[in-house]
Amino acid sequence: MYQNVPVIEPVKDGTELLSAFFRIHDYLVEHSSMPIRRLLMDEINWDDRLIAIKGGRGVGKTDFLLSRAKEIEHEWRNMPESELKGKRPRKSQREIRPCLYVSFNDFYFTRHTLLELAGTFAKSGGQYLFLDQLFKYPNWSRELKRCYSKYKDLHIIFCATPVMDIDEDNHDLEGIVKTYNLRGFSFREYLNLQTGLRFRSYTLEEIIQRHASISREVCERVQPLEYFKAYLDHGYYPSYLESKSFEASLLKVMNSQLEVDVLMIKQIDVACLHKLRKLLYILMQDAPCALNVSSISEEIGLSRATTMNYIKYLKDSRLINLLYPEGKNFPMKPTKVYMHNTNVARMNFTREVHPMDMYETCFYTFVHGAHKVNATERSAMFVIDGKYYFDVREKASSRDTIRPTAVGELETGRGNMIPLWLLGFLY
């Protein structure tokens, strides 16, 4: 419908246009809340000119953008005049609005272009343009590249759903976009939020080598196991902080992942929604589990190839995780299927999820964000980055284990037995 929308050059006086967008921007920045500072905020190189914040629904991408906008505006207001003058050769530096948040829910973009808005904003002295719901804009990647090429002083930061084509086979953005992943709350972030403390993150190597001393230091200030069960139940998604039902909120998120992230962005016929939902429900019944593709295909009435494609869509939308042997990947059949996180796993109300299933799922969620997690032909359950062989257990044994073992119901580490909750300090 919008494939041939002409590119409209910016009007000479865009004051009225920007004022309308800034009214929305100011309201959202004022009323947004990111209860804790996410670690990713300090990992991003904000000097890059095109940045994608990729993350599943419900993890707080919009609040993340608004929080960064708030920080930039604070820095701008408190910047010494000598530094401010070097930013832009303008008459009234303090009147310049350095950043603008825009959502493509706005009907303005049905007849006007991103290039038009970016040009108007850049010529007014703006430097940081934050874009949300970008997948709703036709030819979004092509237009981003035009903005990048034309406005050299403009930094564009945009939210992206996991199924958007950014990293692979996107010739428009190849070599110019820096992609970062925003995940749900780690256990460390959840614990800091619940207690008001400020525990730092640790690398996997630090945890493997020093887990006993690190866990003792944490336990001197708080009893993490008192919070861990609640985290597994509802702590991954920031929506647990809202007063409304967490289950209803998460159910809405999961349906949006199917209806928007899969059907709309992947352009799948809406008639297939019921089959997608049924597929997800089947996996929720047994995960973590081996995958019987033939049986599932027959039950939902799809070919084996289509079923595997739908399974990949569920993975891409961050509803499930797939565990493969080293060197193997899609379209091969995975060794095991996990729900993406324990909050999603517990949304199956027809069965009680076994603690060991929750702990396995939790281990995968904690580790796979920054590390490669694979199945192994050895007796270990997981191999991390091809060199660390890990087991997961519900309870600690009286004797030490021969390899690193994440233990769900262990408060402080000893020998090779590592408290599972401590792996929640990886970010």
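Which residues lie nearest the centre of the largest pocket? Before I answer, a word on the basis: this is a predicted model, in which local features need pLDDT of at least 70 and side-chain atom pairs count only at pLDDT 80 or more, while totals for chains, interfaces and linings use all residues. Residues are numbered from 1 along each chain as its sequence is written, and side-chain values use heavy atoms, with hydrogens and water left out.

To the pocket, then. Lys54, Asn181, Lys315, Asp316 and Arg318 lie nearest the centre of the largest pocket, which has a lining of 44 residues. By pocket I mean, on a 1 Å grid over the protein atoms alone, an open set of points with protein on both sides within 12 Å along at least five of seven lines, whereas a cavity is a set of points where a 1.4 Å probe fits but cannot get out; lining residues have an atom within 4 Å of a point. The largest pocket holds about 1300 Å³ of space, where grid points are joined across faces, edges and corners and the volume is the space filled by probe spheres set on the points. Two or more lining residues come from each of α2 (40–43), β5 (178–181), α13 (304–316), β6, α15 and β8 (373–374), and α13 gives the most, with five. These element names are DSSP runs numbered from the N terminus, helices being H or I of at least four residues and strands being E of at least two. By class, the lining has 17 nonpolar, eleven polar and 16 charged residues, with Ala, Val, Leu, Ile, Met, Phe, Trp, Tyr, Cys and Pro counted as nonpolar, Asp, Glu, Lys and Arg as charged, and the others, Gly among them, as polar.

The second largest pocket has a volume of about 880 Å³, and of its 31 lining residues the closest to the centre are Arg57, Gly58, Val59, Gly60 and Val253. Here α3 (61–77), β4 (155–160) and α10 each give two or more residues, with α10 giving the most, four. The lining divides into 13 nonpolar, nine polar and nine charged residues.

The buried residues of α7 pack against α9 (225–234) and α15 (355–368), contact meaning heavy atoms within 4.5 Å. Helix α7 (residues 187–195) is mostly covered, seven of its nine residues being buried; buried means under 20% relative accessible area, exposed over 50%, and partly exposed in between, with a 1.4 Å probe and protein chains only. Just after α7, Gly196 takes a positive phi of about 80 degrees.

Strand β2 (residues 99–103) has five of its five residues buried. In a regular strand the side chains alternate between the two faces of the sheet. In β2 both faces are covered, with Cys99, Tyr101 and Ser103 on one side and Leu100 and Val102 on the other. Strand β2 pairs in the parallel sense with β3 (residues 128–132) over five bridges, where pairing requires at least two DSSP bridges between the strands, and Phe130 in β3 is the bridge partner of Tyr101.

Finally, the backbone details that I would look at in the model. Most residues other than glycine have a negative phi, and most peptide bonds are trans. The bond from Ala287 to Pro288, however, is cis, with omega near 0 degrees, and Pro288 is found in the loop between α11 (273–286) and α12 (293–300). Phe330 and Pro331 are likewise joined by a cis peptide bond, with omega about 15 degrees, and Pro331 is in the loop between β6 (320–323) and β7 (336–339). Gln267 has a positive phi near 55 degrees and lies in the loop between α10 and α11, where Gln267 is exposed, with a relative accessible area of 71%. Asp385 also has a positive phi, about 55 degrees, in the loop between β9 (382–384) and β10 (388–393), but Asp385 is partly exposed, at 33%.
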